[in-house]
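Student: Could you walk me through this protein? I have not looked at it before.

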Amino acid sequence: MRPPPVKGTNVTQESITVGAVFERLLGPRAEVSITAYDGSRSGPADAPVAIEVRSPLALDYLMSSPGDLGLARAYVAGALDVKGDLYTALRALAAQVDQLTPADRLWLLRKLGPRHLRVVKPPAEEHPSRFRRGLTALRHSKERDSEAIASHYDVSNRFYELVLGPSMAYTCAVFPHEDATLEEAQAHKFDLVCKKLGLQPGMKLLDVGCGWGGMVAHAVRHYGVEAIGVTLSREQAQWAQKNIVALGIADRAEIRHQDYRDVTETGFDAISSIGLTEHIGARNVPGYFRFLAGKLKAHGRLLNHCITNPDTSVAHRSRGFIDRYVFPDGELEAPGELMTAMHDAGLEVRHAENFREHYAKTLAGWCANLDEHWDEAVAEAGAGRSRVWALYLAACRLAFERREIELHHILGVRTDSEGGMGMPLRPDWGV
């Protein structure tokens, strides 16, 4: 049963409580309890999600920010908090928080007055707008890509250890069975990529966007290849190269702080690209595949693993919270666009697979890690950054579950002059 309304929550009056504001914005059917700095309460007391509006700054952000950016800013700044599991909160509010409509803004203005229309400085963790970024460097130039990658990955290797776990794999895991642990699934993912690439002892592997070197280490240790990994993150490269030395494989593996476009070696037997395509920009996808195809010898294979749009009607560019806090300049393509670009680059697509549900499970594991190590994460990266990550991971988990985004493996091969591709007639990858 809904508790009686707090005095002053009648929305027909000119004055209105903060609790009533959020009840209106989130919808009457939202299973949310709300407490606010003005002492007001709203919603069912036994709701699975509890929102605490701590400061008038939350209303300022809602009024001054487009789309989901206002709520994100309020949460990152600590002006709005969620009690309990953030993923559960987002799932309960998914239909309500997509955007603040013009009618909502007009209603807020009438009820609250103009005092919340002021321009408010965003939290320190927010990146400049696309327009402002464009004043300093061209989108997806080497300089701007390097800055974007550094802003996301050069936070703290210890912070990533807390979130990702021992594997230090910041890409979708592949769960061999429903009850597999995150570490088992990450190892299985690397093994599956190695099998799809047909790796054999003595082969040469290039891993572009290598992160902390998980793929390089797995391929060298378990498949006997020689491998080069490149990343635009200096922090990743330093951690990965140190790990390569600790594993005793530095004679066969190398991790470089380098743009993939600056790799001069060629004649690779295989190339793995695990989580890089999201960063290069849709207009650069054709050139990206042409460049990588040119690095392969005949019968060489390329495995492209990346987040994708569900269809071509979805805009390439990320927006709102993701663009301003997580992946500035990030862009996604539909799987068909990637396959076409691979074929146009001279690669024959031999296999494609969607791991959407696996990424949702991966993100659930990362959310659990962050929650378990919250205090240490805040001490390492700050409260604002940790809040960005909590919101980002939970929101992405929900997006994969709702099929707003997907994750595809696309395997291509460089055929020889007579069309030979050096692959089994019906490969099953041995898994």
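**A first look**

Tutor: Of the contacts in the protein (heavy atoms within 4.5 Å) with a separation of 6 or more, 72% are between residues 24 or more positions apart. Please keep in mind that this is a predicted model, where local features need pLDDT of at least 70, side-chain atom pairs count only at pLDDT 80 or more, and totals for chains, interfaces and linings use all residues. Residues are numbered from 1 along each chain as its sequence is written, and side-chain values use heavy atoms, with hydrogens and water left out.

Student: How many of the residues count as buried?

Tutor: Of the 431 residues, 55% are buried, meaning under 20% relative accessible area, with exposed being over 50% and partly exposed in between (1.4 Å probe, protein chains only).

Student: How many salt bridges are there?

Tutor: The whole structure has 22 salt bridges, each a side-chain nitrogen of Lys or Arg within 4 Å of a carboxyl oxygen of Asp or Glu. One of them joins Arg-256 to Glu-265, with the closest N and O atoms 2.5 Å apart; Arg-256 is buried at 15% relative accessibility, while Glu-265 is partly exposed at 26%.

Student: And which residue does Lys-297 meet in a salt bridge?

Tutor: Lys-297 pairs with Asp-269 at 3.3 Å, N to O, and this pair links distant parts of the chain, from strand β9 (residues 296-308) to strand β8 (residues 268-274), strands being DSSP runs (E, at least two residues) numbered from the N terminus.

Student: Changing topic, how many disulfides are there?

Tutor: The search finds zero disulfides, a disulfide being a pair of cysteine sulfur atoms within 2.5 Å. For Cys-367, the nearest cysteine sulfur belongs to Cys-396, 9.1 Å away.

Conventions
Helices (H or I, at least four residues) and strands (E, at least two) are DSSP runs, numbered from the N terminus.
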